[in-house]
Amino acid sequence: MENLKNARRAKKLTQQEVADHLGIERSSYARYESGSREPDIETINALAKYLDVSVGYLSGSAVYSNADKLIDSYERSIHFWLEDQFFSASEVDRLKDHYADVLTRYKTLVESLERAKTSEKYCIGENPTAIERYLHY
C-alpha cells in the first residue's frame, strides 16, 4: 500500500505498534508496507481508522489523507444547520452554490497542504505551524 508507511510515521507509530493493534505479526505488517502482501478489506478499513486517514489515501488513489474526512464533517455541519432554518427557494439555491464553491476551494487547500507536508522543501519539523494552529482553531 503506497502511503501506509507515511501514515504510520505521521502518527509516530512503530510497525510493531500497528501490528499489535491489528493482532498480527510485525513481519506480516512490514509486508503490507513493502507491497509484497496485500491486506484484506477489513484490515484496510482498520488501518485507515487507526491511522486516521482515508482508504483512498492508503491505496494511493488520493493525494491527501484527511481531506475527505474534513470535507464530510463540514458538509454534515452545513446540512445540520440547514435543517433548522427556513429559506426561500432562491436562498437555498444561493446557499447551495456558495457552499459548493467553499467545499471545492477547501478541498483544494487541504490537498495542497497535504502535498506540502510530504515535501522536504516545506517540511520544517513536527511542531505545529501557524497554519496548523489556524486550521484547528
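Reader: How are helix α2 and helix α4 placed, in terms of the distance between their axes and the angle at which they cross?

Author: Two packed helices are described by the angle between their axes and the distance between the axes. In this predicted model, the axes of helix α2 (residues 15-22) and helix α4 (residues 41-51) come within 11 Å and cross at roughly 125°. Helices (H or I, at least four residues) are DSSP runs, numbered from the N terminus. Axes are lines fitted to C-alpha atoms over the stretch in contact, with angles from 0 to 180 degrees between N-to-C directions.

Reader: Which class does that angle give α2 relative to α4?

Author: The angle makes α2 oblique to α4. Angles under 35 degrees count as roughly parallel, over 145 as roughly antiparallel, 65 to 115 as roughly perpendicular and the rest as oblique.

Reader: Which residues make the contact?

Author: Helix α2 contributes Glu 17, Val 18, His 21 and Leu 22, and α4 contributes Thr 43, Ala 46, Leu 47, Tyr 50 and Leu 51. Contact means heavy atoms within 4.5 Å. The residues of this contact divide into six nonpolar, two polar and one charged. Here Ala, Val, Leu, Ile, Met, Phe, Trp, Tyr, Cys and Pro count as nonpolar, Asp, Glu, Lys and Arg as charged, and the others, Gly among them, as polar.

Reader: How many helices and strands does the protein have?

Author: The protein has eight helices and zero strands (E, at least two residues). Of its 137 residues, 27% count as buried, meaning under 20% relative accessible area with a 1.4 Å probe, protein chains only.

Reader: Which conventions apply?

Author: Residues are numbered from 1 along each chain, and side-chain values use heavy atoms, without hydrogens and water. Local features need pLDDT of at least 70, side-chain atom pairs count only at pLDDT 80 or more, and totals for chains, interfaces and linings use all residues.

Technical notes. Buried < 20%, exposed > 50% of the residue type's maximum accessible area, 1.4 Å probe, protein only.
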